[in-house]
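Reader: Can you walk me through this one? I have it open on my screen.

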Amino acid sequence: MILYHGKIYDNSEQNRIISKLKEDLYHSIQYKKPINRDEVIEACDSLAKKVLDGKFDDIVKPFLKTFSISYERFLTMAMMFSREGLSYKCKIELSDEEKIIADRFVRKIYPLGILLHIAAGNVDGLPAYSVVEGLLSGNINILKLPSGDTGLSIRLLSELIKINPALADYIYVFDIPSVEFETIKSLAKLSDAIVVWGGDEAVCAIKSMADITTKVISWGHKLSFAYAVTEATDEDLKGLAKHICETNQVLCSSCQGIFLDTSSKEEQIIFAKRFFEILKQVNKELGLADYGMRAQNAIRLYTEKLENHLTANTIFMEDGVSVVCSDDNILSLSYMFRNVWVKRLAHEDIIPVLKPYKNHLQTVGILCPDLNKRKSLIEKFALAGLVRITEASEMSRFIPGEAHDGLYPLREYSRIVEIPIY
Amino acid sequence: MNVGDYMKSVKKLFKIKKNEIYNLASTDELFIKAMKENAVFQYENCIDYKRILDEVAFSPYKITTMEDLIRLPFLPTLYFKRHKMFSVSEKKLLIKATSSGTSGLKSEIGFDFFSLINGLNMVINVTRFHHLLSLKPVNYLIFGYEPTSENKTAISKTAFGFTFFAPALSRSYAIRKTKEGYKLDLEHMKEALIKFSKSKTPIRTIGFPAYTYFLLKKMKDEGIFLKMPKGSMVTLGGGWKQFYTQKVDKEDFYKLVEEVLGIKEDYIIEFFGAVEHPILYTDCREHHFHIPAYSRIIIRHPDTFEPVADGMPGIINLLTPMVRSVPLLSIMTDDIGIIHNEKCPCGEPSPWLEIIGRVGIKDIITCAAGAEKFLKEQE
């Protein structure tokens with residue numbers, strides 16, 4: 001399906017539409033009034049209300065099931081589209097829109113112009129939200145749907161246009177098969193920036209494809225973890241276990257494992273066993289993870305046990321949850337779906353061990369009851385490159401005004417124009 | 001003691017009479033003995049296998065019941081993808097095969113003369129039983145890889161092997177070797193089908209069901225309806241693995257075959273097997289994969305690995321004593337399935353296996369990942 005000037009067209013119309021797209025886009029920039037941010041916010045607020053009223057449940061619920069995301073969490077995400085949420089976001093990200101500099105000129109914030117959003121098929125990159133961010137910063141948005149898209153994005157965006165038809169000239173959606181490389185490249189050439197969501201390989205591919213005059217803004221995959229001292233409280237560990245079970249470790253901000261502030265293997269194993277018992281309990285309370293994922297992880301963990309003579313890992317597993325203790329301090333992806341690693345990382349080694357991960361680092365959840373020590377850890381993680389430092393239970397919180405991977409998207413989608421004072 | 005003495009029951013099992021192929025009760029005792037012989041051989045000849053059994057204090061010398069076989073440590077296919085395990089010298093491996101590697105990693109398995117003879121005896125028995133052997137020449141259409149000297153994928157070898165069930169007048173391949181590597185060429189297959197429909201020689205199609213389906217659907221869309229010569233057969237193998245999302249209802253597929261090729265359901269036969277478990281499973285006229293005497297199947301619960309009751313889903317664990325060169329006695333697959341023990345109208349007494357999916361969740365394909373893949377192809 002294609003969304004073009006607010007109307008839905010069949011994919012067979014793709015070439016015809018794309019051939020005159022440049023004309024359409026340039027026409028909007030040249031002759032139309034720039035999009036009004038308040039109108040975008042109002043339209044999004046009406047849409048959010050409809051979503052919260054369950055108007056899209058027929059398509060939302062299967063989507064959430066595919067990604068093992070709870071309905072409650074989705075409602076929190078929908079709240080991000082509310083008037084309060086979006087106004088606050090704009091206020092934080094685009095403050096001082098107009099400012100006189102050195103009494104010589106005025107600094108104004110303008111949109112980049114045309115954004116091509118290459119969306120990923122996961123919750124972190126909800127394609128409609130990416131477009132909304134583009135609209136808030138005043139851009140024209142072309143969305144290339146991920147293959148296997150369930151139709152949710154087009155439903156949400158056409159509803160948005162229905163609420164405010166003025167948005168029709170700012171939202172274009174295409175369902176181009178990924179093999180139609182040249183078509184994607186031609187859209188990229190039209191755009192001021194490509195907003196790409198996905199893993200390292202996807203980001204690299206887009207970067208190598210983009211024209212030199214096109215900016216590439218990547219929201220790539222990130223890794224998050226928890227950092228605990230041996231005296232971490234049961235309450236903190238429960239909060240972390242709950243976060244792990246609720247997100248199933250599939251989000252960029254989900255905890256993949258725990259680094260323990262120790263050099264002692266004995267302490268590491270005692271701690272892992274303690275956390276395993278808590279994780280098992282929380283898992284029981286919240287209901288088991290997806291059957292297919294449990295089966296996959298059971299086989300992986302069994303294989304890991306067969307390889308134990310080579311790795312010397314200590315493995316605690318039951319009911320589809322596991323805690324694996326290893327001797328390395330590599331920040332790695334876990335098996336996910338309630339399976340974590342516990343590794344040793346003494347606090348003095350935080351910066352040398354984590355710094356090399358640079359742009360892959362995202363959230364650290366800290367479990368440390370002593371306030372002074374906690375403050376010193378926070379400073380170390382900030383210097384090491386982490387961009388979100390939270391309490392253990394809050395690692396995947398959604399709060400309007402939060403930065404995205406250490407950046408403000410609305411700023412990324414804008415540019416500063418300096419003009420004379422008259 | 002020489003190897004031949006150890007393996008008497010294994011040889012006997014793979015030479016059982018045609019009428020015993022689907023009789024598990026009458027072959028249970030022989031199967032257990034054969035498994036014991038092979039387990040002892042593996043234990044004494046494969047250091048890694050011995051370690052795995054020793055770690056859980058399992059003695060292969062004490063195998064006497066099916067319960068012992070349930071306790072015999074199984075090896076996941078994943079383990080073979082990470083570790084080479086040979087129980088005979090690599091020089092003795094006459095054929096090396098790799099799995100088709102849908103997840104990127106590939107198992108490398110080798111077969112020695114003893115294992116191949118067992119396999120051959122099984123294939124002759126099974127194909128005779130299902131009336132697949134014929135002296136009448138046929139034109140083969142293979143929906144799989146064209147074999148080359150460097151292509152070790154088991155499916156291409158198996159597909160090539162199948163072309164000896166009846167003399168081959170010609171062989172056409174859907175995945176052909178070109179200068180730029182392998183390319184899927186369904187147009188070539190379509191032309192071959194049109195050509196052969198005008199001849200008197202029957203055709204046999206072999207290989208990936210998904211490709212067969214795509215081609216037939218395309219032909220239907222293009223309004224091409226043929227009547228293949230009498231005695232033509234559609235045989236399917238190689239799994240639907242990469243195509244779960246497009247997995248079609250089998251009934252719809254049978255209808256499509258009859259509509260586009262004029263071949264009736266009775267002449268559609270599906271095979272199932274794996275590199276790590278090279279047993280030939282052939283569906284009955286009800287399209288059920290009955291368990292042959294050469295293997296046993298345990299369905300295990302993912303949380304405990306305990307066997308589940310018949311009719312309940314779980315991970316598929318496949319057992320066979322066929323292979324001597326690699327410890328393939330008890331293999332844990334990545335597939336989820338159900339064993340049906342209710343009476344089958346085809347009359348065969350053994351239970352049948354239904355494969356319902358794979359472990360894990362569906363791959364979430366992003367367009368960007370697709371772009372990256374396509375870029376690599378462009379390089």
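**A loop residue in chain B**

Author: Start with B:D283. Leaving out residues up to four places away in sequence, B:D283 touches B:I269, B:E270, B:H288 and B:F289. Keep in mind that this is a predicted model.

Reader: Where does B:D283 sit, by element?

Author: In a loop of chain B. That loop runs between β10 (277-282) and β11 (289-290).

Reader: Is B:D283 buried or exposed?

Author: B:D283 is buried, because 20 other C-beta atoms lie within 10 Å. The cut-off for buried is 20 or more.

Reader: And B:K36, how far apart are B:D283 and B:K36 in space?

Author: They are 28 Å apart, C-alpha to C-alpha. In sequence, 247 residues separate B:D283 from B:K36.

Reader: Zoom out. How many helices and strands in chain B?

Author: Chain B has 12 helices and 15 strands.

Reader: What share of chain B counts as buried?

Author: 45% of its 379 residues.

Reader: What about contacts between residues 24 or more positions apart in chain B? What percentage do they account for?

Author: They account for 69% of the chain B contacts with a separation of 6 or more.

Reader: Helix packing next. How do you describe two packed helices?

Author: By the angle between their axes and the distance between those axes.

Reader: OK, apply that to α10 and α11 of chain B. At what angle do they cross?

Author: Roughly 50°. The axes of α10(B) (residues 209-221) and α11(B) (residues 250-261) come within 10 Å. The two helices are therefore oblique to each other.

Reader: Left-handed or right-handed, the crossing of α10(B) and α11(B)?

Author: α10(B) passes α11(B) in a left-handed crossing. From α10(B), the contact uses B:Y213, B:L216, B:K217, B:M219 and B:K220. From α11(B), B:F253, B:L256, B:V257, B:E259 and B:V260 take part.

Reader: How do the residues of that contact divide by class?

Author: The contact of α10(B) with α11(B) has 7 nonpolar, no polar and 3 charged residues.

Reader: Switch to chain A. How do α3 and α6 pack there?

Author: α3(A) packs against α6(A) (residues 83-93) at an angle of about 150°, with the axes 8 Å apart. That angle makes α3(A) roughly antiparallel to α6(A). Their crossing is right-handed.

Reader: Which residues make the contact of α3(A) and α6(A)?

Author: On α3(A), A:R37, A:I41, A:C44 and A:D45. On α6(A), A:R83, A:L86, A:S87 and A:C90. By class, the contact of α3(A) with α6(A) has 4 nonpolar, 1 polar and 3 charged residues.

Reader: How do the axes of α3(A) and α8(A) cross?

Author: α3(A) (residues 37-52) and α8(A) (residues 152-163) cross at roughly 125°, and their axes come within 9 Å. That makes α3(A) oblique to α8(A). The crossing of α3(A) and α8(A) is right-handed. A:A43, A:C44, A:S46, A:L47 and A:K50 of α3(A) meet A:L156, A:E159, A:L160 and A:I163 of α8(A). The contact of α3(A) with α8(A) has 6 nonpolar, 1 polar and 2 charged residues.

Reader: Last one. What should helix α16 of chain A span, and what are its end C-alpha atoms apart?

Author: At 1.5 Å a residue, the 14 residues of α16(A) (371-384) should span 20 Å. The end C-alpha atoms are 20 Å apart, which agrees.

Reader: Which residue follows α16(A)?

Author: A:G385, with a positive phi near 125°.

Definitions and conventions: Residues numbered from 1 in each chain as written. Chains lettered and ligands numbered in written order. Predicted model: local features only at pLDDT ≥ 70, side-chain atom pairs only at ≥ 80, totals over all residues. Helix = DSSP H or I, 4+ residues; strand = E, 2+ residues; numbered from the N terminus. Expected span 1.5 Å × (residues − 1). Buried ≥ 20, exposed ≤ 12 C-beta atoms within 10 Å, placed from the backbone. Contact = placed C-beta atoms within 7 Å. Axes fitted to C-alpha atoms, helices over the stretch in contact; angles between N-to-C directions. Parallel < 35°, antiparallel > 145°, perpendicular 65-115°, else oblique. Left-handed = near helix turned anticlockwise from the far one by under 90°. Nonpolar A, V, L, I, M, F, W, Y, C, P; charged D, E, K, R; others polar.
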